[in-house]
Amino acid sequence: MTAGESAPQQSDFIHIEGVTKSFGSFKAVDNVTLSISKGELFALLGGSGCGKTTLLRMLAGFETPTAGRIFIDGQDMAGVPAYERPVNMMFQSYALFPHMTVAKNVGYGLKHEDMTQVQREDRVREMLNLVQLSHLADRKPHQLSGGQRQRVALARSLAKLPKLLLLDEPLGALDKKLREHTQFEIANIQYKLGITFVVVTHDQEEAMTLASRIAVMDKGVIRQIGSPSDIYEHPNSRFVADFIGSANMVEAEVTKADGAGTEVLSPSLGHPILVASSGYTKGDKVTLAFRPEKVSISRKKPAAAKNVLKGTVQDFGYFGKDSLYRIKLPTGHVLSVNAVNAERAAAEQAVATWEDEVYLTIAPAAAMLFGAET
Amino acid sequence: MKQRSTFLFSVMAFGLAFLYVPILSMMFFSFNRSRLATVWGGFSTQWYGKLFSNSQVIDAALLSLRIALLSATLATILGTMAGLALARFRRFRGRALLSGLVTAPLIMPEVITGISSLLLFIMMAEWLGWPGQRGFTTITIAHITFSMTYVTVIVQSRLTAMDLSIEEAAMDLGSRPWQVLRDVTLPIISPAILSGWLLAFTISLDDVVITSFTTGPGYTTLPMLIWSKVKLGVTPDINALATVIVVVVAIGVAISAVILTRADKRRERDIQMAIAANK
């Protein structure tokens with residue numbers, strides 16, 4: 001397992017130490033310890049009710065931890081109210097002030113800063129330029145589209161140049177095309193200003209494209225922290241492998257473990273599979289997982305004899321750039337396989353079609369093993 | 001179709017007649033020359049002249065207005081505070097009790113409220129020496145106690161519908177709680193506060209029962225004056241007085257309706273503009 005903490009400890013900008021938040025008997029956040037470095041774009045990723053928003057609200061100061069401590073830039077945040085924290089937040093509902101113009105919304109936080117009127121106006125103009133809304137400065141929020149409101153909310157939360165910006169599902173209310181565009185915009189702005197961003201999202205694609213590091217949360221606990229590729233290629237548990245992307249998973253038992261790797265046999269596959277992982281001994285009960293795009297599919301029998309499975313195409317979907325196959329093995333188990341359509345061909349002439357006999361090859365390095373889930 | 005619309009039309013006509021014939025007949029008879037309120041004796045505006053030269057009526061009207069203005073304003077301040085407490089502080093000791101106590105006067109018979117207020121004032125005068133004389137102060141206090149309930153209910157329901165994160169956003173941007181209240185919460189709920197004030201004002205203006213219990217010698221409000229005059233028989237000057245009240249109220253309603261429609265239209269136009277701009 002190569003995944004895990006990689007940030008250097010001395011530059012910890014945010015340090016969350018053993019933080020727990022209980023609502024009655026329910027633990028929304030359970031003993032979370034986490035460090036985020038300065039200038040990072042960090043994502044908290046998880047399904048609804050996993051505690052990610054509660055953790056974010058504790059950073060903002062809207063919730064008080066039941067136990068544990070939070071440090072921002074070396075300062076203990078215990079007892080520091082939301083209005084005194086060097087933190088700003090962009091709300092999921094945007095929470096724009098409906099009775100103020102766009103410029104007043106963006107400039108609201110600057111009232112409390114030690115600035116001259118001219119400096120304030122300059123900052124508002126600068127922020128509106130940043131999000132390309134200068135032409136709408138005198139509009140009220142109800143006169144804006146969803147995407148424009150989102151950008152006003154972003155400009156408002158950035159106007160005070162906080163040390164830390166919290167974004168709660170920043171793209172949740174936007175349609176797909178606008179999301180893709182805004183994702184890159186947010187990443188660009190973060191890069192330009194160098195402010196530390198913490199993004200909460202339930203959308204793994206959003207987390208992957210935005211963040212430099214991701215924490216996967218489940219039931220109040222952090223399951224894995226790592227770069228997007230760490231988490232995708234080296235998930236540390238069955239849960240993470242399943243939550244991020246998709247994976248074929250079968251129960252298996254280790255039949256051989258030596259220098260060459262670990263060989264496992266799964267009743268669902270019927271053939272022994274060699275996996276380039278170590279740390280298991282003969283007889284261990286494990287879960288074998290491999291991602292659909294990491295399996296190669298061919299109609300001809302491949303030269304290599306190891307890790308080859310034979311099956312028939314039960315179903316397939318053509319998506320243009322790739323196709324998704326459902327391959328039925330002789331054991332009755334069905335695997336998902338993703339193949340890039342590199343050649344130009346009609347869909348039915350692609351790699352394989354219904355009822356074709358095909359060979360699947362799983363590279364030993366592509367397969368993953370997980371021990372029993374705790 | 002034709003038949004149905006005739007039916008609908010007659011239903012509407014009946015409904016309107018039910019509502020407005022009494023008022024219109026009263027207005028009609030206010031221009032009656034005859035002293036008898038219900039026997040037509042020719043057109044005259046003499047009762048209006050008598051009305052405006054009747055200092056008793058003018059004094060009563062001014063007293064009613066002063067009480068209504070003061071009690072509505074104080075009731076709005078107190079009611080808004082109670083509404084904020086009930087809507088924003090989710091968990092505090094006695095919340096359910098306060099909520100119940102605040103809204104109880106809504107369903108309490110006015111006679112009960114009147115008697116209890118009177119008893120309270122008598123006891124207070126005995127033990128504290130205040131209020132020595134019942135009159136303007138005691139009527140105003142009694143009006144505040146029951147009209148603030150309406151303000152509380154209106155403000156509370158508006159606050160419940162308001163997105164909490166708007167207040168959190170203001171706090172997040174560095175505003176202390178009182179600044180959040182001043183900059184964000186109050187401006188957003190101001191229409192609710194205004195309509196609460198208007199309601200409290202009208203309730204105070206036309207109250208007879210509670211006022212009768214809490215008034216003292218020399219303090220007669222307009223509704224009390226009308227009530228006492230009617231006991232001696234309906235005279236055309238009562239008709240004239242009522243007509244004046246109806247006209248004043250109608251003008252007030254018309255003005256507020258015009259303001260509201262204009263605001264609505266402006267809003268609609270803004271939304272249209274926004275949609276056009278985003279295409």
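**Exercise 1. Which residue in β18(A) is the bridge partner of A:Asp322, and how are the strands around this pair arranged?**

The model is a predicted one, in which local features need pLDDT of at least 70 and side-chain atom pairs count only at pLDDT 80 or more, while totals for chains, interfaces and linings use all residues. Residues are numbered from 1 along each chain as its sequence is written, chains are lettered from A in the order in which they are written, and side-chain values use heavy atoms, with hydrogens and water left out.

Step 1. The bridge partner of A:Asp322 in β18(A) is A:Val340; strands here are DSSP runs of E with at least two residues, and helices are runs of H or I with at least four, both numbered from the N terminus.

Step 2. Strand β17 (residues 322–328) of chain A and β18 (residues 334–340) run antiparallel and are joined by seven bridges, where pairing requires that DSSP finds at least two bridges between two strands. Five residues lie between these strands in their hairpin, and among them A:Gly332 takes a positive phi near 100°.

Step 3. The hairpin of β16(A) and β17(A) has three residues between the strands, and A:Gly320 has a positive phi near 90°.

**Exercise 2. Locate the partners of the salt bridge between A:Arg213 and A:Glu40, and state whether they are buried or exposed.**

Step 1. The closest N and O atoms of A:Arg213 and A:Glu40 are 2.5 Å apart, and a salt bridge is defined by a side-chain nitrogen of Lys or Arg within 4 Å of a carboxyl oxygen of Asp or Glu.

Step 2. A:Arg213 belongs to strand β9 (residues 213–218) of chain A, whereas A:Glu40 sits in the loop between β2 (26–37) and β3 (41–45), 173 residues apart.

Step 3. Both A:Arg213 and A:Glu40 are buried, on a scale where buried means under 20% relative accessible area, exposed over 50% and partly exposed in between, with a 1.4 Å probe and protein chains only.
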